[in-house]
Amino acid sequence: MAGTAMAAPLATSVDRALQATLPNGLRVVIVPDRLAPVVTTELNYLVGSAEAPDGFPGTAHALEHMMFRGSDGLDKDQLAALGARLGGSYNADTTEDVTQYFYTAPAEDLDVTLRIEALRMNGLTLSQADWDKERGAIEQEVSRDLSSPAYRYISQLQSILFQDTPYAHDALGTRPSFDKTDAKLLRDFYEKWYAPNNAILVIAGDVDPQATLEKVKSIFGAIPRKTLPERKPVSPAPAPARTLSFPTDYPIGFATIAFPMPGLTAQEFAAADILSDVLASQRGALYQLGPTGKALFASFEFAPKKQAGFGLALAGFPKGGDSSKALGYMRDVLADIRQHGVPADLVEAAKRKEIAQLGFTANSVSGLAESWSQALAFKGLSAPDDMIAAYNAVTPEAVNALAQKLLDPARAVTAILTPENSGKPVAGGGFGGAESFASAPDKPVKLPDWAEAALKKLDVPPPALAPVVSTLPNGLTLIVHPAHVSQTVEVNGMVRGNSDLQEPKGKEGVADITEALFSYGTTSHDRLAFRKALDEVPAWESAGAGFSLRVPSSKFGEGMALLAENELHPAFPEQYFQIVRQQTAQEQEGQLQSPGYLFDRAVEAAISPPHDPTLRQATPQTIMALKLDDVRAYYKAAWRPDLTTIVVTGDVTPEQAREVVEKTFGVWTAEGPKPKVDLPTRPDSKTSRANVPDKSNVQDTVILPESLGLTAANPDHFFLTLGNEVLGGGFSSRLYRDLRVKTGYVYSVSSSFEWGRTRGAYSVSYGADPDKVGPAREAAMRDIKAMQTAPVTDDELVLAKSALLRSLPLARASLGAIAGEYLHLTQLGLPLNTPDIAARKYYDATAADVQAAFRKWVRPADLAEIVKGPSPHW
């Protein structure tokens, strides 16, 4: 089949897109998508860390932060208030080549997001005083990332593969460079590169393209273009082979082999992308190291940047295991591929899936914007579909030639990431709270007239279109949400259960093994044959207690037949059971000693009574004692149609969905009584402290948790949600203001409530340098108590209501989010129109309602403190 031509996706966003270039050079792409009344704006500046001044690798990243510190006509407080009122997500990221700023907001607020970006493009404040404050926060971000062994590894890997090029320095930057950075340096960078003729604005969502283009012209048209500097070329010379080693806090080890690969704009990119897909294929020789027991798992990842990239083969090995064996197996596989090439049918399958994947982009408003941004800003294309011809042109011969060229062991960088023990967690007494927590709220923020006019009115969003819900004769619940934005269908399902309750005593770990075995074939197809059948559709599928399918709508029936085959008739083969059991036991042995696991367990122990079901844990011994019959018995008892919900979204009618689901899942029957899957209620937790040592971290991770008696059925949770928007809901929250903006104690901080059918919890979480953990905690405690001692201000209440009311439609801005919301509400036992109920509750709530809910349910004196970090704090 080499060189076989393939058709384009049945429908793409290219036909609907409007592209234009303003006289000042700003490129504009507007892509309508009627999935939800939502719009995403993504402004791509064609500059990143590669253009940073010598000695200041984090300049682009620092400027990204300062873009949220205010501009002429919109100060930082107004910008934060606007972000909160819009109710959407707004953020940014810096790469080596492009810096992106994105908003997802209600479609009616498009003008506001465009004005924000125009003001920032032409009149950024960039004061030294603001930089002095932001420096502390960005240095906390550096500390956070340096606490990740994977981040440290990738940073060093890039410094080797891209030596003597601008890519050698990670886009994040370094603390020493930020200490030297000042506002003048940042302004020089801004004046050079932030210009309309160095930017691409992508707008996707529920918009009229021509009317939107006129808005863009009126808002951005007067900004002058600039003469841009010369760009630094990136042409890395192949580095000689070398080996690195890193200690980690992971439960397992990783052996990796990295190779230089082409970048996104290279002529060979399409072939390199297909090669990476083949190397990562579950039908490929590298992946096969897992099922044969030669590694815990193995895969391949491709990390292309604009002008260069790298590929990474990796294999997992157990804690205390022999890394050289995993490394040797990988080397053998890659050497064989380099010498003999890859199977032609895997090349054709990869091409088919890459092209089909383009058809799914309209299923997410923000994903659609990102797809166009990637195509234009990173790949230098005119549209995402430009890749179709490139993929179609790839031949097995071209892939094999590239593999022979790239998979050269003389140019490989090898690394071993070895897990270290955490050390024994240390417990201590509670920290209580004797300080005075009086705090005056900030003054209300006066928005600019254009923003006030757009956002002053609070409206309850119209009710969402109700899905079609039915119950099959076998008890399975089917929810269908048609959305004809692409010629694709997405399926998401859930078998409601709880392994903490359902695993028989002494059989801990059987749920994990059962889940893992779903990928090892069915009673009709072995593992490789089943994966081949999926590739031929093409379909993306996973099975287990949570299952999913993504498929072109013309192949909906074929895809569902395969999903049902996997979900209802897993093979559970004996030979693979033996391998999976051994791998699971080895992984669990490392898990029980890993800082991350011990941290999570310390949090759970702090809010749960002794012997709570959630504190059950598998051991290597309980896992190795399991038999295949235990897996089959667990599956038979836990997988039942009357505990299952299937959500079908996309290009399908309710009648079509019902017919296909009945045909594929209708024969499934339940046996015996329903298992108990709801946890028992638990008493209020009391204050405690625990420290989990983690030598590999630079920064501490802190959680302040407590249990709540509140459940999802209690309407007080609407008032707590509203209050939490004030306290810890985003960039304009009290916690963010007091722990980051004012003090620089942390990079990020949040607070959250959780509630299920029978129990709830509350927590505050943040990351900080060890010497800032205490001050950050004290500031957080002051803010929590202030929620109980005084009503929130009128301005805060309006801001929180606006954010939540506007956010409700945004929760439906992708097919995955729609399905996830339905499944979540089903899990909680709540009606599917709960978001509409919430809207009315938020709209009618008073400051007294919020204060009363916080006083009733939140117990500051009972908050525990769990710290994971490099050194004890007492």
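Trainee: Let's begin with a helix pair: is the crossing of H26 and H27 left-handed or right-handed?
Mentor: The crossing of H26 and H27 is right-handed. Keep in mind that this is a predicted model.

Trainee: Which residues make that contact?
Mentor: On the H26 side they are Arg734, Leu735, Arg737, Asp738 and Leu739. H27 brings Ala776, Ala779, Ala780, Asp783, Ala786 and Met787. Sorted by class, the contact has seven nonpolar and four charged residues, with no polar ones.

Trainee: At what angle do H26 and H27 pack?
Mentor: Helix H26 covers residues 734-741 and helix H27 covers residues 773-789; they pack at about 155°, and their axes are 10 Å apart. Angles over 145 degrees count as roughly antiparallel, which is why H26 is roughly antiparallel to H27.

Trainee: Let's zoom out. How many helices and strands are in the chain?
Mentor: The chain has 31 helices and 25 strands.

Trainee: And what does the radius of gyration say about the chain?
Mentor: You compare it with what a compact globule would have. For 874 residues that would be near 29 Å, and the chain has 27 Å, so the two agree. As for the box filled by the C-alpha atoms, it is roughly 70 × 65 × 60 Å along the principal axes.

Trainee: Now the sheets. What holds strands together in general?
Mentor: Strands of a sheet pair through backbone hydrogen bonds, and the pairing can be parallel or antiparallel.

Trainee: In what order do the six strands of the open sheet come?
Mentor: Read across, they go E1-E2-E8-E3-E7-E6, with mixed pairing. E1 (18-21) and E6 (89-94) are the edge strands, each pairing on one side only. Ignoring direction, neighbouring strands here are turned by 10° against each other on average.

Trainee: How do E3 and E8 pair?
Mentor: E3 (residues 38-45) and E8 (residues 199-205) pair in the antiparallel sense, over seven bridges. To find your place, look for Leu43, which stands opposite Leu201 in E8.

Trainee: Which strands does helix H28 touch on that sheet?
Mentor: H28 (residues 794-810) packs on the sheet and touches E3, E6 and E7, and its direction makes about 100° with that of E7. Helix H1 (residues 59-66) packs on the sheet as well, touching E6 and E7 (99-106). The direction of H1 makes about 165° with that of E6.

Trainee: What is the strand order in the open sheet of five strands?
Mentor: That order is E9-E13-E10-E12-E11, and the pairing is mixed. Its edge strands are E9 (242-248) and E11 (297-304). From one strand to the next, the twist averages 20°.

Trainee: How many bridges join E10 to E12?
Mentor: Ten, with E10 (residues 252-261) and E12 (residues 309-318) running antiparallel. Phe259 stands opposite Gly311 in E12. Helix H9 (residues 269-280) packs on this sheet, where it touches E10 and E11.

Terms used. Residues are numbered from 1 along each chain as its sequence is written. This is a predicted model: local features need pLDDT of at least 70, side-chain atom pairs count only at pLDDT 80 or more; totals for chains, interfaces and linings use all residues. Side-chain values use heavy atoms; hydrogens and water are left out. Axes are lines fitted to C-alpha atoms, for helices over the stretch in contact, and angles run from 0 to 180 degrees between N-to-C directions. Helices (H or I, at least four residues) and strands (E, at least two) are DSSP runs, numbered from the N terminus. Angles under 35 degrees count as roughly parallel, over 145 as roughly antiparallel, 65 to 115 as roughly perpendicular and the rest as oblique. A crossing is left-handed if the near helix is turned anticlockwise from the far one by less than a right angle, and right-handed if clockwise. Contact means heavy atoms within 4.5 Å. Ala, Val, Leu, Ile, Met, Phe, Trp, Tyr, Cys and Pro count as nonpolar, Asp, Glu, Lys and Arg as charged, and the others, Gly among them, as polar. The radius of gyration is taken over C-alpha atoms; the globule rule is 2.2 Å times the number of residues to the power 0.38. Two strands pair if DSSP finds at least two bridges between them.
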